[in-house]
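Here is a brief report for a reader meeting this chain for the first time. Look at the sequence and the model before reading on.

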Amino acid sequence: MAESWNEEQYEQELMVYLERKQLIKDMQDELKARQANLIQYMEVKDIQAAALDNQQVVVCRRKVWKYSDELRRETNRISHLQRVEQENGMATFSESVYLTVKPTSSSEIEE
């Protein structure tokens with residue numbers, strides 16, 4: 001399909017892609033704020049779960065661990081050893097292919 005695009009179709013697809021990426025970012029930002037407000041309300045009212053139509057929203061908790069300085073140093077040591085193996089060819093890798101969106105210098109000025 002994409003192999004048969006002309007330059008105009010390619011540019012159109014790029015434009016739609018960038019628009020959708022921005023829409024997703026905007027929606028994720030909105031959802032994050034809504035989630036924070038809902039959590040705050042549910043905690044104040046001591047609500048653990050809420051059902052609406054055929055869906056349920058549950059307040060979930062997970063532990064966020066903070067480790068000792070000794071373990072953080074060990075983690076850094078292991079990261080260094082990983083880099084060494086990468087450099088000397090002992091480590092192997094595969095590649096994933098994806099798109100990333102970065103602002104251009106002119107779009108940074110416009111914002």
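## Fold and dimensions

This is a predicted model. The chain has three helices and two strands. Read from the N terminus, the order of elements is α-β-β-α-α. The radius of gyration is 23 Å, whereas the globule rule gives 13 Å for 111 residues, so the chain is more spread out than a compact globule.

Along the principal axes, the C-alpha atoms fill roughly 55 × 50 × 35 Å.

## Burial and surface

How many of the 111 residues count as buried? The share is 2%. Buried here means under 20% relative accessible area.

The accessible surface of the chain is about 11,400 Å². Carbon and sulfur atoms account for 53% of that surface.

## Charge

Among the side chains, 15 are positive and 21 are negative. The centres of these two sets lie 13 Å apart.

## A nonpolar patch

Which residues form a nonpolar patch on the surface? They are Trp-65, Tyr-67 and Leu-71. Together they have about 360 Å² of accessible area.

Tyr-67 sits in a loop. That loop lies between strand E2 (55–58) and helix H2 (69–88). Is Tyr-67 buried, partly exposed or exposed? Its relative accessible area is 45%, so Tyr-67 is partly exposed. The cut-offs explain the label: partly exposed falls between under 20% for buried and over 50% for exposed.

Technical notes. Residues are numbered from 1 along each chain as its sequence is written. This is a predicted model: local features need pLDDT of at least 70, side-chain atom pairs count only at pLDDT 80 or more; totals for chains, interfaces and linings use all residues. Side-chain values use heavy atoms; hydrogens and water are left out. Patches are made of residues with over 30% relative accessible area and no salt bridge: like charges are joined within 9 Å, nonpolar side chains (Val, Leu, Ile, Met, Phe, Trp, Tyr) within 5 Å. Accessible areas come from the Shrake-Rupley method with a 1.4 Å probe; for residues, only the protein chains shown count as cover. A salt bridge is a side-chain nitrogen of Lys or Arg within 4 Å of a carboxyl oxygen of Asp or Glu. Helices (H or I, at least four residues) and strands (E, at least two) are DSSP runs, numbered from the N terminus. Buried means under 20% relative accessible area, exposed over 50%, partly exposed in between (1.4 Å probe, protein chains only). The radius of gyration is taken over C-alpha atoms; the globule rule is 2.2 Å times the number of residues to the power 0.38. Lys and Arg count as positive and Asp and Glu as negative; His and the chain ends are not counted. The place of a charge is taken as NZ of Lys, CZ of Arg, CG of Asp or CD of Glu.
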